[in-house]
Amino acid sequence: MLVKQNARNTLTQRVQGPLSTATTEMDLSGLRDGNVAGMGVFEFPYAYIAVEQHGGQRKMVMCNDGKEIASLSLPAGGQTVWIRVCTTDRDFKANFFYSLDGTSFFPMGNVLEMGLGLPWTANRFALFNFSTTEQGVGGWADFNWFRMAGSR
């Protein structure tokens, strides 16, 4: 049975202009098969980078407006990843990056053209974890920290 893909435990922080960069460190040791955990920009459209676990294997994916744009198999035994999202109010764009060591960040996927599809909110950074299977219920991701920097 497929669990409804709602991330009810999503934590958000408004994007601030003119530039905002958010970075998080994510501990993957609590993931179960069927779990999806990561960070993105929430609005319509939306995009994110997340780690998915299936069959004991993990891969990082970048999704933009519901479509998987890129994926990367993660090394076995790795328990920590870092995700960074950089936004700008110049043309309202967001760029996505990942790191396997917390130092070197690499671009992943494509650019999110941020919109204002919800009248009651602005674009927000979002940390999330959800399950796509019954087997994954109870799995967790530990976001060790979230840091946001911007400029005025």
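1. Let's start with N35, which sits in strand 3 (residues 35-42). Strands here are DSSP E runs of at least two residues, numbered from the N terminus. Keep in mind that this is a predicted model, where local features need pLDDT of at least 70, side-chain atom pairs count only at pLDDT 80 or more, and totals for chains, interfaces and linings use all residues. Residues are numbered from 1 along each chain as its sequence is written, and side-chain values use heavy atoms, with hydrogens and water left out.

2. Is N35 buried or exposed? N35 is buried, at a relative accessible area of 1%. For the cut-offs, buried is under 20% relative accessible area, exposed is over 50%, and partly exposed is in between (1.4 Å probe, protein chains only).

3. What does N35 touch? Its side chain reaches the backbone nitrogen of R32 at 2.8 Å. If you leave aside neighbours within four places in sequence, N35 is in contact (heavy atoms within 4.5 Å) with a list of residues including V51, E52, Q53, F130 and W140.

4. On to strand 7 (residues 80-88), which pairs with strand 2 (residues 19-27) in the antiparallel sense over nine bridges. Pairing asks for at least two DSSP bridges between the strands. If you want a spot to look at, T24 has I83 of strand 7 as its bridge partner.

5. Strand 7 also pairs with strand 8 (residues 93-99), again antiparallel, over seven bridges. These two strands make a hairpin with four residues between them, and D91 in the turn has a positive phi of about 65 degrees. T88 stands opposite K93 of strand 8.

6. K93 turns up again in a salt bridge with E113, where the closest N and O atoms are 2.8 Å apart. That pair links distant parts of the chain, with E113 in strand 10 (residues 112-113) and K93 in strand 8, 20 residues apart. Both ends count as partly exposed: E113 has a relative accessible area of 44%, and K93 is at 25%.

7. How many salt bridges are there by this rule? The count comes to two, the rule being a side-chain nitrogen of Lys or Arg within 4 Å of a carboxyl oxygen of Asp or Glu. E68 and K59 form a salt bridge too, their closest N and O atoms being 3.7 Å apart. E68 is partly exposed at 42% relative accessible area, and K59 is partly exposed at 27%.

Notes:
A polar contact is a pair of N or O atoms within 3.5 Å; within protein, one must be able to donate a hydrogen and the other to accept it, and residues adjacent in sequence count only if both atoms are side-chain atoms.
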